Amino acid sequence: MTEETISQAVPPVRDWPAVDLPGSDFDPVLTELMREGPVTRISLPNGEGWAWLVTRHDDVRLVTNDPRFGREAVMDRQVTRLAPHFIPARGAVGFLDPPDHTRLRRSVAAAFTARGVERVRERSRGMLDELVDAMLRAGPPADLTEAVLSPFPIAVICELMGVPATDRHSMHTWTQLILSSSHGAEVSERAKNEMNAYFSDLIGLRSDSAGEDVTSLLGAAVGRDEITLSEAVGLAVLLQIGGEAVTNNSGQMFHLLLSRPELAERLRSEPEIRPRAIDELLRWIPHRNAVGLSRIALEDVEIKGVRIRAGDAVYVSYLAANRDPEVFPDPDRIDFERSPNPHVSFGFGPHYCPGGMLARLESELLVDAVLDRVPGLKLAVAPEDVPFKKGALIRGPEALPVTW
């Protein structure tokens, strides 16, 4: 391809406003961008300039797994972005590239293996049963989010992290302030500083620990001089915050299942299909607004005939990749028989979400407990009257009013 042809292929910059979408509606702007081409250009509400957007499944996997695209270079740039405030901590795992990124992830890998996640299964099931018991005792109506979907993932991630039960409320409060744009940058920054200080103390106390929880593993790695305390704290904060994403994902999942009762009924009558069905729901649910963190091209790269130059910012859309018709036939349909299902809801490449296996476990436990123990469960309001979060980076219901 000649220079002239490549330059002609440069698409216009499209404004992508931050719109609070109802329910599980797919972003209409993203739909248009996907139609316009595999590589487009976008301008988000905050930051500066424009960035490339990659939407096809194979290109998303290429960008996220290719060392020619780096995260660390984002630190010193005001890249166009969704979040009104941008508070990256230098050395935080989300902004590291290999080999530093690999070294840091290795320190906690044991907690997120199949064995590590199985370690908390029975305790998680017990905590979930207690929450469902309490909801049933109180009787209908109930807010499923407040009663089950919010406290359960907090309890599980705190269990995995080694955070005492008495500190769960503080963790939840800090997480909400960090993830919301509605309180302003100052409030978010203060919450992040408070969570940083908390984990700094907790990890510092565990430098000789042989425990299997995350803060013990981090403390031991710091004690062996494999990672620094600031690196350990940054990773702990990221994992703790990420643990609450299950509240939003499961909120969307149950909103969908209760809005389409035939889906819930099928999962009740065919429990053997639940793991595959949950994977399909994870593929289909639009779990975030717009896009997450960008990468910077470290050298010139060509994708689908478009020249991305060194220094350009690049975003991938996992939501778009999960609706790529080349990979997922009839992608807008929820198909519990879909196989294979190579969705990228937990990311791809070195920055793949370490908690993916844990999130699947929690989703399966929630579907089992809620559908089996509350067989008459239904929405207490019309599906369109369920309030969804405003100004949040991660999408989910504010409350999920149910009755039975």
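Helices (H or I, at least four residues) and strands (E, at least two) are DSSP runs, numbered from the N terminus. I also noted that this is a predicted model, where local features need pLDDT of at least 70, side-chain atom pairs count only at pLDDT 80 or more, and totals for chains, interfaces and linings use all residues. Residues are numbered from 1 along each chain as its sequence is written, and side-chain values use heavy atoms, with hydrogens and water left out.

**Entry: helix α14**

I started with α14, residues 261–269, and found Leu263, Ala264, Leu267 and Arg268 buried. Looking down the axis of α14, I saw its buried residues fall within an arc of 140 degrees, so they line one face of the helix. That arc is taken from the directions from the helix axis to the C-beta atoms. On the face turned away from the buried side of α14 I found Pro261, Glu262 and Ser269, which are exposed. I then looked up what the buried residues of α14 pack against: α13 (245–259), α15 (274–284) and α17 (356–373). Contact here means heavy atoms within 4.5 Å.

**Entry: strand β2**

Next I turned to β2, residues 39–43: 5 of its 5 residues are buried, so the strand is largely enclosed by the rest of the structure. Side chains in a regular strand alternate between the two faces of the sheet. In β2, Val39, Arg41 and Ser43 cover one side, while Thr40 and Ile42 lie on the other, and all are buried.

For pairing, I used the rule that DSSP must find at least two bridges between two strands. Strand β1 (residues 13–15) runs parallel to β2, joined by 3 bridges, and aspartate 15 has serine 43 of β2 as its bridge partner. Strand β3 (residues 51–54) runs antiparallel to β2 over 4 bridges, with threonine 40 opposite leucine 53 of β3.

**Entry: the sheet of 6 strands**

I traced the open sheet of 6 strands in the order β1-β2-β3-β9-β6-β4 and noted mixed pairing. At its edges stand β1 and β4 (69–70), each with a single partner strand, so one side of each has no neighbour in the sheet. I checked β4 against β6 and found antiparallel pairing over 2 bridges; phenylalanine 69 has alanine 297 of β6 as its bridge partner.

**Entry: the sheet of 3 strands**

I also followed an open sheet of 3 strands, ordered β5-β11-β10 with antiparallel pairing. Here β5 (142–143) and β10 (378–379) are the edges, each with a single partner strand, so one side of each is left without a neighbour in the sheet. Between β5 and β11 (residues 401–403) I found 2 bridges, and aspartate 143 has proline 401 as its bridge partner in β11.

**Entry: arginine 288**

Which residue does UniProt list for "binding site"? The record gives Arg288; such annotations may be inferred rather than shown by experiment, with positions in the numbering used here and feature names shortened. I located arginine 288 in the loop between α15 and β6 (295–297). Arginine 288 is buried, with a relative accessible area of 16%. Leaving out residues up to four places away in sequence, I found arginine 288 touching Leu82, Leu319, Leu393, Ile394 and Arg395.

Methods
Buried means under 20% relative accessible area, exposed over 50%, partly exposed in between (1.4 Å probe, protein chains only).
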